[in-house]
Structures are given as structure tokens and as C-alpha cells.
Amino acid sequence: SSPDSDGGTPELEKAGLLNKTKIAEGGRKLRKNWSPSWVVLVGNSLVFFKDPKSQTPSSWKPGNSRPESSVDLRGAKLNWANDLSSKKNVFKLRTITGNEFLLQSDTDSLIREWYNTIKNVIDRLDRE
Ligand code: I3P
């Protein structure tokens, strides 16, 4: 059965530090503002926290820190987007509500892992 088939706590799939910028809100283009973000993939959601390095150690314990924002992956689209940035290793996540994010890491293996993991969740939700 799937990890959350009993309606219990969703399984944490992945967490780590990525560079992030939002580039659209409800289809409306935004000015880029790149910043490091602690990204957590849990259940059907991608959850963004402030960069833990910019906070005191006690303020970023999982139960303790409030997410900055969270993205529902159901119906989302994921695409490599190296044409949308001068940075390398960039992908774009577009939610069903027309919010668009770029996520980036200088580490090739790390960004590929994130891309594949998010893609798997989106594909699983598409099949439901
Ligand atoms: C933006 C900033 C971004 C850059 C963006 C610039 O300038 O340098 O880092 O995106 O390029 O407009 P500002 O700080 O003045 O807003 P990338 O790093 O992703 O290239 P863009 O306008 O070509 O997207």
C-alpha cells in the first residue's frame, strides 16, 4: 500500500537546501529574487522554509519553524529551465494555480535527484 494509505502522517521523501525564486503568482510574472531555501518534500507537497543557516539553530527544528510557503504538487508541471536563468542546473515548477518557481543547485547530482523525486510524485498523483 502507499505510505499514506491509512491517512496517517505523510512520509518525508526528501529535504535539503536549494536556491529558489518565485517567478509567477497566479500566472502573473514576478521579479526574480533568488535566495537559499530549505526545501522539504512530504506527501503531496513541497514545503519551503527559510535557509537554516540564516537562523539560530533552535529556530529551525522541524516542529518549531513555520514554513514560508508550500506547494501542492497535484497537477503541477516540472521542466528543466536552463533558458530561464544565467545559473546552471535550474528547473521550473508550475502549480495548477499558476504559481511558478525556479529551483537551482550548483551540484549536478543533487539537482537531478530533486528533479527525479518531484517528478515521481507528480506522475504518481497524475495516475490517481
Ligand atoms: C536580476 C538578478 C537575477 C537574474 C535576473 C536579473 O536582477 O540578477 O539573479 O536572474 O535575470 O534580472 P535584479 O537583481 O536587478 O532583479 P538569474 O540569476 O536567474 O540569471 P533575468 O532578468 O534575465 O531573469
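Predicted model: local features only at pLDDT ≥ 70, side-chain atom pairs only at ≥ 80, totals over all residues.
A salt bridge is a side-chain nitrogen of Lys or Arg within 4 Å of a carboxyl oxygen of Asp or Glu.

| Salt bridge | Distance (N to O) |
|---|---|
| Asp123 and Lys119 | 3.1 Å |
| Arg124 and Glu13 | 3.3 Å |

Arg124 forms its salt bridge with Glu13, and this pair links distant parts of the chain, since Arg124 lies in helix α1 (residues 108–127) while Glu13 lies in strand β1 (residues 12–25), 111 residues apart. Asp123 and Lys119, by contrast, both lie in helix α1, four residues apart, which is about one turn of the helix. Salt bridges that share partners also join Glu13, Arg74, Arg124 and Glu128 into one network.

The ligand is surrounded by Arg31, Lys32, Trp34, Ser85, Ser86 and Lys87, a shell that divides into one nonpolar, two polar and three charged residues. An oxygen atom of the ligand is 2.7 Å from an N or O atom in the side chain of Ser86, and a ligand oxygen is 2.9 Å from an N or O atom in the side chain of Arg31. Taken alone, the ligand exposes 500 Å², and the protein buries 45% of that.

Technical notes. Residues numbered from 1 in each chain as written. Heavy atoms only, no water. Near = heavy atom within 4 Å. Polar contact = N/O pair within 3.5 Å; in protein donor to acceptor, adjacent residues only side chain to side chain. Areas by Shrake-Rupley, 256 points an atom, 1.4 Å probe, with all protein chains shown as cover. Nonpolar A, V, L, I, M, F, W, Y, C, P; charged D, E, K, R; others polar. Helix = DSSP H or I, 4+ residues; strand = E, 2+ residues; numbered from the N terminus.
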